[in-house]
Amino acid sequence: MTETQEAAAELWLTGGQGIDWEPADRGPGSRMRLARHMALTHPDMLPDWAPACARCGEHRRRVENTAASDLAAGALLVGAEHRAAHLFVPPRGLDLV
């Protein structure tokens, strides 16, 4: 599965335009790539943690609890991806991100 994901990710970046390089993706993969792009490239555009979002609370606590460990970078990235998802994922789907 990992090899397939890596191959699809590479083709997504280097393959020709107008071709669906990940035919099994019906949206979730695209949203995940967009969230990662937003988190890495446009962190200044991300919304703050949403007080009413339980998942935001989980990610925020994870960021705070891992700040002094080797896990800090990963927690920050995942938290930023979740915050980015608030920009384009319907509220009912945010528990999955």
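Me: At what angle do helix 2 and helix 4 pack, and how far apart are their axes?

Reply: Axes here are lines fitted to C-alpha atoms, for helices over the stretch in contact, and angles run from 0 to 180 degrees between N-to-C directions. Helices (H or I, at least four residues) and strands (E, at least two) are DSSP runs, numbered from the N terminus. In this case helix 2 and helix 4 pack at an angle of about 115°, and their axes are 8 Å apart. Angles under 35 degrees count as roughly parallel, over 145 as roughly antiparallel, 65 to 115 as roughly perpendicular and the rest as oblique, and helix 2 is therefore roughly perpendicular to helix 4. A crossing is called left-handed if the near helix is turned anticlockwise from the far one by less than a right angle, and right-handed if clockwise; the crossing of helix 2 and helix 4 is right-handed.

Me: What should I keep in mind about the origin of these values?

Reply: This is a predicted model, in which local features need pLDDT of at least 70 and side-chain atom pairs count only at pLDDT 80 or more, while totals for chains, interfaces and linings use all residues. Residues are numbered from 1 along each chain as its sequence is written, and side-chain values use heavy atoms, with hydrogens and water left out.

Me: Which residues of helix 2 and helix 4 meet?

Reply: Contact means heavy atoms within 4.5 Å, and by that criterion A35, R36, M38, A39 and L40 in helix 2 meet L77, A80, E81 and A84 in helix 4. The residues of this contact divide into seven nonpolar, no polar and two charged, where Ala, Val, Leu, Ile, Met, Phe, Trp, Tyr, Cys and Pro count as nonpolar, Asp, Glu, Lys and Arg as charged, and the others, Gly among them, as polar.

Me: Which residues form the largest nonpolar core?

Reply: A nonpolar core is a set of buried Ala, Val, Leu, Ile, Met, Phe, Trp, Tyr and Cys residues joined through side-chain atoms within 4.5 Å. Buried means under 20% relative accessible area, exposed over 50%, and partly exposed in between (1.4 Å probe, protein chains only). The largest such core has six residues, namely A35, M38, A39, L46, A80 and A84. Leaving aside residues up to four places away in sequence, A39 touches L46, L77, A80 and E81.

Me: Is H82 buried or exposed?

Reply: H82, which lies in helix 4, counts as buried because its relative accessibility is 1%. Beyond residues up to four places away in sequence, H82 touches C53, R55, C56, H59, L94 and V97. By contrast, Q5 belongs to helix 1 (residues 2–14) and counts as partly exposed, at 48% relative accessibility.

Me: How do helix 3 and helix 4 cross?

Reply: Their axes come within 9 Å and cross at roughly 160°, and helix 3 and helix 4 are therefore roughly antiparallel to each other. The crossing of helix 3 and helix 4 is left-handed. Helix 3 contributes R55, C56, H59, R62 and V63 to the contact, and helix 4 contributes A75, L76, V78, G79 and H82.
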